[in-house]
Amino acid sequence: MTLSWDHPKVFSINVMPAEADIDGLDHTNNAVYVHWCERAAWQHSEFLGIGLDSYRQQDRAMAIVKAEYEYLAATYQGEALELSSRLVNSDGKMRLQRDFQIIRPSDNALILRASWQFMCIEISSGKPKRMPRLFSEIYGGAVIDDEG
């Protein structure tokens, strides 16, 4: 079955709710999805060639300044899920946007849509600073529009 992504899938990881992820309502706690998005974002960045070492060497980081989550369906312990991450916008200077989706392959159900907006900061001061060339070239080059 082809999964119904809103946009072309670029990078994805497989996730599965464990017993510790289940809340008092017997479904995956919403905070778990946030953690999974963070994991996917880091893995996607590392796949592109920018990891924590690059951040430290450049004294720069992409800090989340806004995050939005749309929870569309519940998931339960042991369900196989696929989480997609894609970069959708970058000004090449200060800002970057990453979008996420989670789909349950067993029934092609869309579970979550999320979007993060980032600001480049200088790690040593915490102040906004322009992206180093490495970031603007790699992240900017990975931005995917709706056609591909």
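Biologist: Which residues of helix α3 are buried?

Modeller: A residue is called buried under 20% relative accessible area, exposed over 50%, and partly exposed in between, with a 1.4 Å probe and protein chains only; helices are DSSP runs of H or I of at least four residues, strands are runs of E of at least two, and both are numbered from the N terminus. In α3, which spans residues 133-142, the buried residues are F135, Y139 and A142. Viewed down the helix axis they fall within an arc of 60°, so they line one face of α3, the arc being that of the directions from the helix axis to the C-beta atoms. This is a predicted model, in which local features need pLDDT of at least 70 and side-chain atom pairs count only at pLDDT 80 or more, whereas totals for chains, interfaces and linings use all residues. Residues are numbered from 1 along each chain as its sequence is written, and side-chain values use heavy atoms, with hydrogens and water left out.

Biologist: Which exposed residues does the face of α3 turned away from its buried side carry, and what do the buried residues pack against?

Modeller: The face turned away carries R133, E137 and G141, which are exposed. For packing one looks at contacts, meaning heavy atoms within 4.5 Å, and the buried residues of α3 pack against the helices α1 (30-48) and α2 (52-58) as well as the strands β2 (60-71), β3 (81-90) and β4 (95-104).

Biologist: How many residues of β4 are buried, and how many bridges join β4 to β3 and to β5?

Modeller: In a regular strand the side chains alternate between the two faces of the sheet. In β4, 9 of the 10 residues are buried, so the strand is largely enclosed by the rest of the structure. Two strands pair if DSSP finds at least two bridges between them; β3 and β4 run antiparallel and are joined by 8 bridges, with L87 standing opposite R98 in β4, while β4 and β5 (109-122), also antiparallel, are joined by 10 bridges, with F100 opposite A114 in β5.

Biologist: What lies in the turns of the two hairpins?

Modeller: The hairpin of β3 and β4 has 4 residues between its strands, and G92 in that turn has a positive phi of about 75°. The hairpin of β4 and β5 likewise has 4 residues between its strands, with N108 in the turn at a positive phi of about 60°. P105 lies in the loop between β4 and β5 and counts as partly exposed because its relative accessibility is 31%.

Biologist: Is C37 buried or exposed, and how many disulfides does a search of the whole structure find?

Modeller: C37 is buried, with a relative accessible area of 0%, and C120 also counts as buried at 0%. A disulfide is a pair of cysteine sulfur atoms within 2.5 Å, and the search of the whole structure finds 0 of them.

Biologist: What pattern does the protein follow along the sequence?

Modeller: The secondary structure comes to 3 helices and 5 strands, in the order β-α-α-β-β-β-β-α. The radius of gyration is 16 Å, close to the 15 Å that the globule rule gives for 148 residues, so the protein is as compact as a globular protein of that length; the radius is taken over C-alpha atoms, and the rule is 2.2 Å times the number of residues to the power 0.38. Buried residues make up 41% of the 148 residues.
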